[in-house]
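Here is a short walk through one protein structure. Keep the sequence and the 3D view at hand.

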Amino acid sequence: MGKNSKDKRDIYYRKAKEVGYRARSAFKLLQIDEEFNLFENAGRVIDLCAAPGSWSQVVAKRLKEDLRASDAVIVAVDLQEMAPIEGVISFQG
């Protein structure tokens with residue numbers, strides 16, 4: 001897609017859709033985790049204001065890569081409805 005393309009969204013939006021993330025903000029969390037190792041010893045994670053769920057997707061994937069997904073508890077909470085994510089408990093309200 002060139003500069004003259006009708007799709008004016010940025011590269012991270014398009015990359016998120018290609019990779020399967022729900023939003024481009026997933027890449028920001030990946031960047032933060034790379035620098036600070038946020039999930040190094042994480043066993044319980046809560047994602048507040050979670051919709052659309054891209055951060056929950058990243059956490060679930062990261063903990064699964066570390067082979068701790070069976071022990072980990074990931075909870076996503078938001079006022080908006082959110083499509084289910086494997087390995088994540090969702091609450092609306």
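Predicted model: local features only at pLDDT ≥ 70, side-chain atom pairs only at ≥ 80, totals over all residues.

Is K15 buried, partly exposed or exposed? K15 is partly exposed, because its relative accessible area is 39%, and buried means under 20%, exposed over 50% and partly exposed in between (1.4 Å probe, protein chains only). K15 sits in helix α1, residues 11-19. Helices here are DSSP runs of H or I with at least four residues, strands are runs of E with at least two, and both are numbered from the N terminus.

Residues are numbered from 1 along each chain as its sequence is written, and side-chain values use heavy atoms, without hydrogens and water.

Now turn to a helix pair. The axes of α2 (residues 25-36) and α3 (residues 54-65) come within 8 Å and cross at roughly 45 degrees. Axes are lines fitted to C-alpha atoms, for helices over the stretch in contact, and angles run from 0 to 180 degrees between N-to-C directions. From α2, the contact (heavy atoms within 4.5 Å) uses S25, A26, L29, L30 and D33. From α3 come S54, W55, V58, V59 and R62.
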